[in-house]
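Subject: Structure handover

Hello,

I am passing on the structure we discussed. Please look it over alongside the notes that follow it.

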Amino acid sequence: LYVDALDPLKGALGEVHDEVGRLYARIGHLYGKKGDSSLSLLARKASLRSYGEPLPGGATPEVTYLWVRVVEHLAEQRNWDDAVVAGRRALFLLRRNRTAILEAREDPNDRRRGAPTRIAPGEYDASVHSVLQALGQAHQSRSEDRPAALATGESLRLAWVMALSNDGGPGGEAESDSVLRVCRALKRLGKGHLLANRHAAAQSCLVPALELLRSGAETSRTVDCASV
């Protein structure tokens, strides 16, 4: 229904146009808010096509944001083959556009419409971590031990950096969220070691994860604690 409303605009501007891409991206956001991952993924893929991806010059902050969301949807749907391809693309764009993302000012239109079109400066590290975790899970599911270890290891290091730099002040995330991110990264890395029969290495990840989860009243009651 949302997509059909774009037909007149596409007729006037053409399929490949930034404004069409932005509207598709907002439609993807709406479907995501409704909990429909499949339609959200389709809308965001359509947005990438409208932006001209993967043509040269298409790697704008808006396009980078879309690739991160696409990776998250693919991981949620356990489409591991596509998640690996999209994850590599998203990670490349995040690193390529790092300076532009960190130095960008917040778009007031995003806040007013409630539909972000780019990664906010304060969300850069979390976006990289999310992509690395999805890549690690995808590689593990495809029995690709080395790339899985590289992705999960890097995501763990980044999770620690984010946790240690979080001062808990206004605008910062809750301490329990930082702890959960570290624990989930430890759990993902530990699972990779288990799958490769590296039991001592797995224990060195899972025991600290369990201790961290049990250290807080909130985190001790999470599903993560039970699964570890």
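The axes of helix 5 (residues 80–96) and helix 8 cross at roughly 150 degrees and come within 9 Å of each other. Please keep in mind that this is a predicted model. An angle over 145 degrees counts as roughly antiparallel, so helix 5 and helix 8 are roughly antiparallel to each other. Their crossing is left-handed. On the helix 5 side the contact is made by Trp 80, Ala 83, Val 84, Gly 87, Arg 88, Ala 90, Leu 91, Leu 94 and Arg 95. Helix 8 contributes Tyr 124, Ser 127, Val 128, Val 131, Leu 132, Leu 135, Gln 137, Ala 138, His 139 and Ser 141. By class, this contact of helix 5 with helix 8 has twelve nonpolar, five polar and two charged residues.

Helix 8 (residues 124–141) also packs on helix 9 (residues 145–165): their axes come within 8 Å and cross at roughly 150 degrees. Helix 8 and helix 9 are therefore roughly antiparallel as well, and helix 8 passes helix 9 in a left-handed crossing. From helix 8, the residues in contact include Asp 125, Ala 126, His 129, Gln 133, Gly 136 and Gln 140, and also Val 128, Leu 132, Leu 135 and His 139. From helix 9 they are Pro 147, Ala 148, Ala 151, Thr 152, Glu 154, Ser 155, Leu 158, Ala 159 and Met 162. The residues of this contact divide into ten nonpolar, seven polar and two charged.

Helix 8 passes helix 10 in a left-handed crossing. Ala 126, His 129, Gln 133, Gly 136, Gln 137 and Gln 140 of helix 8 meet Arg 181, Arg 184, Ala 185, Arg 188, Lys 191, Gly 192 and Leu 195 of helix 10. The classes in this contact of helix 8 with helix 10 are three nonpolar, six polar and four charged.

Next, the open space. The largest pocket holds about 560 Å³. It is lined by 17 residues, and those closest to its centre are Ser 130, Gln 133, Ala 134, Gln 137 and Arg 184. Gln 133, Gln 137 and Arg 184 also take part in the contact of helix 8 with helix 10. At least two lining residues of the pocket come from each of helix 4 (61–76), helix 8 and helix 10 (175–195). By class, the pocket lining has four nonpolar, four polar and nine charged residues.

The largest cavity holds about 40 Å³ of space. Its lining is made up of Gln 140, Asp 145, Ala 148, Ala 149, Thr 152, Arg 188, Leu 189, Gly 192, His 193 and Arg 198. Helix 9 and helix 10 are the elements that give two or more residues to this lining. The cavity lining divides into three nonpolar, four polar and three charged residues. Some of these residues were named above: Ala 148 and Thr 152 take part in the contact of helix 8 with helix 9, while Arg 188 and Gly 192 belong to the contact of helix 8 with helix 10.

Regards

Key: Residues are numbered from 1 along each chain as its sequence is written. This is a predicted model: local features need pLDDT of at least 70, side-chain atom pairs count only at pLDDT 80 or more; totals for chains, interfaces and linings use all residues. Side-chain values use heavy atoms; hydrogens and water are left out. Axes are lines fitted to C-alpha atoms, for helices over the stretch in contact, and angles run from 0 to 180 degrees between N-to-C directions. Helices (H or I, at least four residues) and strands (E, at least two) are DSSP runs, numbered from the N terminus. Angles under 35 degrees count as roughly parallel, over 145 as roughly antiparallel, 65 to 115 as roughly perpendicular and the rest as oblique. A crossing is left-handed if the near helix is turned anticlockwise from the far one by less than a right angle, and right-handed if clockwise. Contact means heavy atoms within 4.5 Å. Ala, Val, Leu, Ile, Met, Phe, Trp, Tyr, Cys and Pro count as nonpolar, Asp, Glu, Lys and Arg as charged, and the others, Gly among them, as polar. On a 1 Å grid over the protein atoms alone, a cavity is a set of points where a 1.4 Å probe fits but cannot get out, and a pocket is an open set with protein on both sides within 12 Å along at least five of seven lines; lining residues have an atom within 4 Å of a point. Grid points are joined across faces, edges and corners, and a volume is the space filled by probe spheres set on the points.
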